[in-house]
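Colleague: I have a chain on screen and some questions about its fold. Can we go through it piece by piece?

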Amino acid sequence: MGIFDDAVPGGNISKPIMIALGALLVGKLLSGRSNSDEVAPQGANAPASDGGLFGGLGGLLGKLTEAGQGAAVDSWVKPGPNQPISPGSLGGALGSQTISDLARQAGVSEQELLEQLAKVLPGVVDKATPQGQVPDMAQLSAMLRS
């Protein structure tokens, strides 16, 4: 993922977690697949566009904030140390159906998905928001492709 390599403990994001992040943040963009085999799960949480499950990064952060994770989200977006998020808190915010769908499509267990996302999400958000501003879809897409 280029720009985000140093955002992740250990240096790179595994393919299953890239698939999950792609579905959460930008829909099919990271998958390299066509519309017919899109990565994002189908159902109530499926995106209407390529904006990810919750409408892109801003939507994902809003979902986490609504679930009581606002202080952690703020620490990721603003300069300074990133607060951690527990796998359980992340799972509660995203919802069991979303986690189940992402885990199945990424080919990992739900527990593994949540543990890995909880590790990488703070750093990825931090790197995607270097000026303390959440990028729009075009900006995020450009960062992910660089």
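This is a predicted model: local features need pLDDT of at least 70, side-chain atom pairs count only at pLDDT 80 or more; totals for chains, interfaces and linings use all residues.

Colleague: Is Pro79 buried or exposed?

Modeller: Exposed means over 50% relative accessible area. Pro79 has 75% relative accessibility, so the residue counts as exposed.

Colleague: Step back for a moment. How many helices and strands does the protein chain have?

Modeller: Read along the sequence, the pattern is α-α-α-α-α-α. The secondary structure comes to six helices and zero strands.

Colleague: What share of the residues counts as buried?

Modeller: The protein chain exposes about 6,900 Å². Carbon and sulfur atoms supply 49% of that area. Of the 146 residues, the share that counts as buried is 45%.

Colleague: What share of the contacts with a separation of 6 or more comes from residues 24 or more positions apart?

Modeller: Pro79 and Asp126 already gave us a pair 47 residues apart along the chain. For the protein chain, residues 24 or more positions apart account for 65% of the contacts with a separation of 6 or more.

Colleague: Now H1. Why is H1 described as largely enclosed by the rest of the structure?

Modeller: The buried residues of H1 include Ile17, Ile19 and Ala20. Leu21, Gly22, Ala23, Leu24 and Leu25 are buried too. H1 is largely enclosed because its count of buried residues is eight of the eleven.

Colleague: On to H3. Which residues of H3 are buried, and on which side of the helix?

Modeller: H3 covers residues 87-94, and its buried residues are Leu90, Gly91, Ala93 and Leu94. They span an arc of only 165° around the axis, so they lie on the same side of H3. As background, an α-helix has 3.6 residues a turn, so residues three or four places apart point the same way.

Colleague: Which exposed residues sit on the face of H3 turned away from its buried side?

Modeller: The buried side holds Leu90, Gly91, Ala93 and Leu94. The face turned away from it carries the exposed residues Gly88 and Gly92.

Colleague: Which helices do the buried residues of H3 pack against?

Modeller: One of the partners is H1, residues 15-25. Another is H2, residues 57-77. The list also has H4 (96-106) and H5 (110-128). In short, the partners are H1, H2, H4 and H5.

Colleague: What residue follows H3, and what is its phi?

Modeller: The residue after H3 is Gly95. Its phi is positive, near 95°.

Colleague: How do H4 and H5 cross?

Modeller: Their axes come within 9 Å and cross at roughly 95°. An angle of 65 to 115 degrees counts as roughly perpendicular. That makes H4, relative to H5, roughly perpendicular.

Colleague: Which residues make that contact, and of what classes?

Modeller: H4 supplies Ile99, Ser100, Leu102 and Ala103. H5 supplies Glu110, Leu113 and Leu114. By class, the contact has five nonpolar, one polar and one charged residues.

Colleague: Take Gln69 in helix H2. Is Gln69 buried or exposed?

Modeller: Gln69 touches Leu64, Ile85 and Ser89, leaving out residues up to four places away in sequence. Buried means under 20% relative accessible area. Gln69 has 17%, so the residue is buried.

Colleague: Last one. Val134 lies in the loop between H5 and H6. Which residues is Val134 in contact with, beyond its neighbours within four places in sequence?

Modeller: Val134 is partly exposed, with a relative accessible area of 36%. Its C-alpha is 9.8 Å from that of Gly56, 78 residues away in sequence. The contacts of Val134 are Leu57, Gly58, Leu61, Val77 and Thr129.

Definitions and conventions. Residues are numbered from 1 along each chain as its sequence is written. Side-chain values use heavy atoms; hydrogens and water are left out. Buried means under 20% relative accessible area, exposed over 50%, partly exposed in between (1.4 Å probe, protein chains only). Helices (H or I, at least four residues) and strands (E, at least two) are DSSP runs, numbered from the N terminus. The arc is that of the directions from the helix axis to the C-beta atoms. Contact means heavy atoms within 4.5 Å. Axes are lines fitted to C-alpha atoms, for helices over the stretch in contact, and angles run from 0 to 180 degrees between N-to-C directions. Angles under 35 degrees count as roughly parallel, over 145 as roughly antiparallel, 65 to 115 as roughly perpendicular and the rest as oblique. Ala, Val, Leu, Ile, Met, Phe, Trp, Tyr, Cys and Pro count as nonpolar, Asp, Glu, Lys and Arg as charged, and the others, Gly among them, as polar. Accessible areas come from the Shrake-Rupley method with a 1.4 Å probe; for residues, only the protein chains shown count as cover.
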